[in-house]
Amino acid sequence: MILTKINISKIAIHEIYQRDSMAEVVQPTKGEELINFDLAASNTFKARVTEALGNDSKAVEMAIRKDDSDSIVSKVDSLISASDPDFIQTSYDIACDLAEAQNRRSYTGGIVVVFKGAFGSNKTPFIGIMKADIYSAYEKKQDPHTKQITLEYVREALLTPATKLYKTAGFFLKPDADDTTELKEKYKVLVSDTQISQVDGKAAAQYFYSAFLGCGYPKSDARTTHKFYEVTKDFIDELSIPQDRKNQLLNALNSYLNFENNSVIEPREFSNRYLDKEERSLYQEEIDDSGVPFSAFTKDTKFIDSKLQTRKIEFKKRVKITAPAKDFGDLVTFEEYDGVGAEGETEKWTRVLIKDRITYQE
């Protein structure tokens, strides 16, 4: 998303807390007034928004899954035209929703910033939601009468360079949307989490994008390919078969995805080619349960390219073997056999043959 000429017209800030010792939700503190930053603070905040959701960010586009009357997108939609008091109340409801979604005591408290803005020459409206994690390093400041967090505290917690842990969602009104457009199609949603990189196409902590925002990953060939790889790898790993055959199947999976000149993936074909007859129905159940089609789909290995470059074997006592995936099957062979342990008991040992010479040790 190219965010230029950003204007932020409304900012409401509330505070949520870590769950108590009984894992119950602690009532969030409501900010009773909209926040007015001075020019320097406003520019810093705009930079934060661009850093989180702009063109050079690690934000991932999400698909809206939940759009009922109590959903976040429904509340976001009402914020577009809300009066100041309604904006404050609805944004507080959103903060309460986040507090509910943080269903583990390990999730930290923080400030929840809900803001309305516009960008670009056409002044495209958007609603942003940002959660900045707050730690004890910050001195908490409250108005002695209202008990609200002060602007000084907000500036320290949200705008200083030291604050690096925050989650952000942006709901951008689509140019062709109108009052008849379904909410799921009305907004483009971008989500980022500074604690999670875009490796494997991940967007943010699941509680944030799913339980809270009501969003999910959009369907894509790259994501389906990644899911096929993970489900198949886990299926092979859980089979009650000798380790040398697991090795053969994992080599086959890697080759099927990485080295064969095929533009499509078909789990049915992989199953018929490599799995024993009695394993195929179990594999189809795993594929069906995962949501990956058992029929053909377009291959896109973008999210797993790095995983396909090497094969790794790790032993119980932390011995590891790593080799290029392309040559793994030719370079490394092994077989299990029964060895005798120090106490005379039978143990499963592995005899490994590496068709190469040692060039370096440390």
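Helices H8 and H9 cross in a right-handed sense, where right-handed means that the near helix is turned clockwise from the far one by less than a right angle, and left-handed that it is turned anticlockwise. Helices here are DSSP runs of H or I with at least four residues, strands are runs of E with at least two, and both are numbered from the N terminus. The axes of H8 and H9 come within 12 Å and cross at roughly 145°. Such axes are lines fitted to C-alpha atoms, for helices over the stretch in contact, and the angles run from 0 to 180 degrees between N-to-C directions. On the H8 side the meeting residues are Arg-245, Leu-249, Ala-252, Leu-253 and Tyr-256, and on the H9 side Glu-269, Phe-270, Arg-273 and Tyr-274; contact means heavy atoms within 4.5 Å. These residues divide into 6 nonpolar, no polar and 3 charged. In this count Ala, Val, Leu, Ile, Met, Phe, Trp, Tyr, Cys and Pro are nonpolar, Asp, Glu, Lys and Arg are charged, and the others, Gly among them, are polar.

This is a predicted model, in which local features need pLDDT of at least 70, side-chain atom pairs count only at pLDDT 80 or more, and totals for chains, interfaces and linings use all residues. Residues are numbered from 1 along each chain as its sequence is written, and side-chain values use heavy atoms, with hydrogens and water left out.

A salt bridge is a side-chain nitrogen of Lys or Arg within 4 Å of a carboxyl oxygen of Asp or Glu. The two residues are 31 apart in the chain, with Asp-276 in the loop between helix H9 (267-274) and helix H10 (277-290) and Arg-245 in helix H8 (residues 243-258). Arg-245 is buried at 17% relative accessibility, whereas Asp-276 is partly exposed at 33%; buried means under 20% relative accessible area, exposed over 50%, and partly exposed in between (1.4 Å probe, protein chains only).

The structure holds 14 salt bridges. Another of them joins Lys-307 and Glu-230, at 2.7 Å from N to O. This pair links helix H11 (residues 305-308), which holds Lys-307, to helix H7 (residues 221-238), which holds Glu-230, across 77 residues. Lys-307 is partly exposed at 29% relative accessibility, and Glu-230 is buried at 19%. Both belong to a network of salt bridges that links Glu-230, Lys-233, Asp-234 and Lys-307.

The crossing of H2 past H3 is left-handed. H2 contributes Ile-72, Lys-75, Ser-78 and Leu-79 to the contact, and H3 contributes Phe-87, Thr-90, Ser-91, Asp-93, Ile-94 and Asp-97. Lys-75 also meets Asp-70 in a salt bridge of 3.5 Å, N to O. Lys-75 is buried at 10%, and Asp-70 is partly exposed at 48%.

Gly-120 sits in the loop between strand S3 (110-119) and strand S4 (124-133). Its relative accessible area is 10%, so Gly-120 is buried. Apart from neighbours within four places in sequence, Gly-120 is in contact with Thr-4 and Lys-5.
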